[in-house]
Amino acid sequence: MKYKLFKKFIERILEHMEINHADLFEKSRKKSVVEARQLLYYLCTKRGMRPTEIKDYMSREGHSLEHTTILHGIKEITTTIENDNDFKLIANSIMQEEIEV
């Protein structure tokens with residue numbers, strides 16, 4: 001239902017985090033990629049998406065994962081946002097951008 005919003009968040013994250021689409025959806029543990037994925041989970045939940053929806057949308061993009069991974073990612077990125085002002089600015093900037101769905 002909110003797949004278009006999910007895709008818009010991907011576009012914004014790729015711009016802000018300076019990574020490409022393939023990086024975001026590969027099985028990488030590189031910090032910048034992991035944080036970008038976690039930010040995607042975070043933003044989606046802030047717009048009312050459930051972890052199961054996010055899991056389905058990630059699968060559509062070729063990245064399979066468990067909903068517990070999403071929950072853990074949200075917890076980790078929330079801590080990062082609280083402690084890193086630059087990351088907080090990025091998250092707030094994306095949330096405040098006008099996104100048409």
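## Largest pocket

Helix α3 gives the most to the lining of the largest pocket, contributing four residues, where helices (H or I, at least four residues) are DSSP runs numbered from the N terminus. This is a predicted model, in which local features need pLDDT of at least 70 and side-chain atom pairs count only at pLDDT 80 or more, while totals for chains, interfaces and linings use all residues. Residues are numbered from 1 along each chain as its sequence is written, and side-chain values use heavy atoms, with hydrogens and water left out.

The lining comprises 13 residues, of which V34, R37, Y41, H63 and T69 lie nearest the centre of the pocket, and the elements that give two or more residues to it are α3 and α5. The volume of the largest pocket is about 250 Å³. A pocket here is an open set of points on a 1 Å grid over the protein atoms alone, where a 1.4 Å probe fits, with protein on both sides within 12 Å along at least five of seven lines, and lining residues have an atom within 4 Å of a point; the volume is the space filled by probe spheres set on points joined across faces, edges and corners.

Leaving aside neighbours within four places in sequence, I54 is in contact (heavy atoms within 4.5 Å) with F6, Y41, C44, T45, M49 and I70.

Three aromatic pairs are present, counted when ring centres of Phe, Tyr and Trp (its six-membered ring) lie within 6.5 Å, with planes under 30 degrees apart taken as stacked, over 60 as edge-to-face and the rest as tilted. Y3 and F6 are stacked, at 6.0 Å centre to centre and 15° between the planes; both lie in helix α1, three residues apart, about one turn of the helix. Because its relative accessibility is 21%, Y3 counts as partly exposed, whereas F6, at 0%, counts as buried (buried is under 20% relative accessible area, exposed over 50% and partly exposed in between, with a 1.4 Å probe and protein chains only).

The rings of F6 and Y57 have their centres 5.3 Å apart and their planes at 50°, so this pair is tilted. Since F6 lies in helix α1 and Y57 in helix α4, the pair ties together parts that are 51 residues apart in sequence.
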